[in-house]
Amino acid sequence: FFRSLFFFQFLLQMRLRQIKTSATFAWSPLPSNGGLVACGSVAGALGDNFDAEATLEIYSLALTQKGNDMPRLGCVRTHDRFNRIAWGLLNSQTEEPPLLQNEHPQGFIAGGLVDGTVQVWDASAIVDESSGKKAEICTIDKHKGKVKGVEFNAFNQPLLATGGQDGEWFVWNLTAPEAPVAFSAGSKGPHSAEIVQLCWNRKVQHILAWTSSDGTTVVWDLKSKRQAMSFQDSQARLRCSSLAWSPDKATDICVASDDDANPCIQFWDLRKAYSPVRVLSGHRQGVLSLSWCPMDGNLLVSCGKDGRSVCWNPHSGEVLCELPVSSNWVFDVQWSPRVPAILAAASFGDNITVYSLQDSSPLDAERASGAEIVSATPSRARLFRTAP
């Protein structure tokens, strides 16, 4: 008993920074500057002054500066509000030298808008307004209805996947960014349900998955240009809201339900996709967003309509900690892809909050400084085993 107490760890949740805006967001994938966050005015939310203006802004984590608010580096106005945004580097595997990345060193930011368009911006031009470069690169107008699925391919990032309310999805080649070309993905077949999110596989570059409002999740193989499989829980009949691939295992994927009657997270092993291998039930209302930590596959965070953001061990189902409960829906949560132990959560009510989670002893907790400790949750899990 005393031996186990000696190894008992405390998970510190420290509030680092905040952004006073009601926005969906994306972390910068830059290896040298991963502390940047792009924020797009989120659809379905107005401030107290009923200002309907839509903007795309870039903020810096700026941990060396004092204060809670993140400094804004740049801003552009947009013609409509965002359902989702994505930030990608331009590391084409076929381009030598990498001319596209040299021209756009901060990469591209893509946004799926309410009006059904997808817009792409040069992040460098937003940050450096004095450069004279035009921030908006192109507008893609192929979807009918709002676009909720937007993600760059992490292996070959001139490739951008988009999915919309009309059930249509595309993969765009942005090698010539002013004139995007739709990648030939093969015969897609009938699919009418709204695509709520899509996600590239973290281990196999030509595998793409999307999930729909009718509970169907489809896995597509772009190399063979055909559907690899689709799955749906015939018993629960979920209304899916989000999905995430495992960072460690190519065949593991999870989906979330925003149904208040069954707010759960299902884990599927695609080697035996007859039924979910694990179901996590901890939210009191629908789950709206999932993020599987890219640096440690033992950490998954979810958020939902109940205002809660929960960090799980996805393999054991153990709740490792909870972030402070919001008085409003928490609709987006994401781990930083570059900064270890950092995640952010966005809620309706003009607030994005950045937290640091650290696995440490009570003595370490007393010595922690420079950030507000919001709780110290006992946890037996070792966190960030793969963090650099």
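Analyst: Buried means under 20% relative accessible area, exposed over 50% and partly exposed in between (1.4 Å probe, protein chains only). This is a predicted model, where local features need pLDDT of at least 70 and side-chain atom pairs pLDDT 80 or more, while totals for chains, interfaces and linings use all residues. Residues count from 1 along each chain as its sequence is written, and side-chain values use heavy atoms, without hydrogens or water.

User: OK, Trp 210: buried or exposed?

Analyst: Trp 210 has a relative accessibility of 2%. The cut-off is under 20%, so Trp 210 counts as buried.

User: Trp 169 and Trp 210 have paired rings; what kind of pair is it?

Analyst: Rings of Phe, Tyr and Trp (its six-membered ring) pair with centres within 6.5 Å, and planes under 30 degrees apart are stacked, over 60 edge-to-face, the rest tilted. Here the centres of Trp 169 and Trp 210 lie 4.7 Å apart and the planes meet at 35°, so the pair is tilted.

User: How many residues apart are those two in the chain?

Analyst: Trp 169 belongs to strand E12 (residues 169–173) and Trp 210 to strand E15 (residues 207–212); strands (E, at least two residues) are DSSP runs numbered from the N terminus. So the pair links distant parts of the chain, with Trp 169 itself buried at 2%. The separation is 41 residues.

User: Which residue joins Trp 169 and Trp 210 in a cluster?

Analyst: Nine aromatic pairs turn up in the model. Ring pairs tie Trp 169 and Trp 210 into a cluster with Trp 220.

User: Which side chain makes a polar contact with Gln 266?

Analyst: Gln 266 sits in strand E20 (residues 265–269) and is buried at 3%. A polar contact pairs N or O atoms within 3.5 Å; within protein, one must be able to donate a hydrogen and the other to accept it, and sequence-adjacent residues count only if both atoms are side-chain atoms. At 2.6 Å, the partner of Gln 266 is Asp 233.

User: Over which ring does the charged end of Arg 278 sit?

Analyst: Arg 278 is one of the residues in contact (heavy atoms within 4.5 Å) with Gln 266. A charge sits over a ring if NZ of Lys or CZ of Arg is within 6 Å of the centre and within 35 degrees of the normal. For Arg 278 the distance is 5.8 Å, and the ring is that of Phe 267.

Key:
Helices (H or I, at least four residues) and strands (E, at least two) are DSSP runs, numbered from the N terminus. Lists of a residue's contacts leave out its neighbours within four places in sequence.
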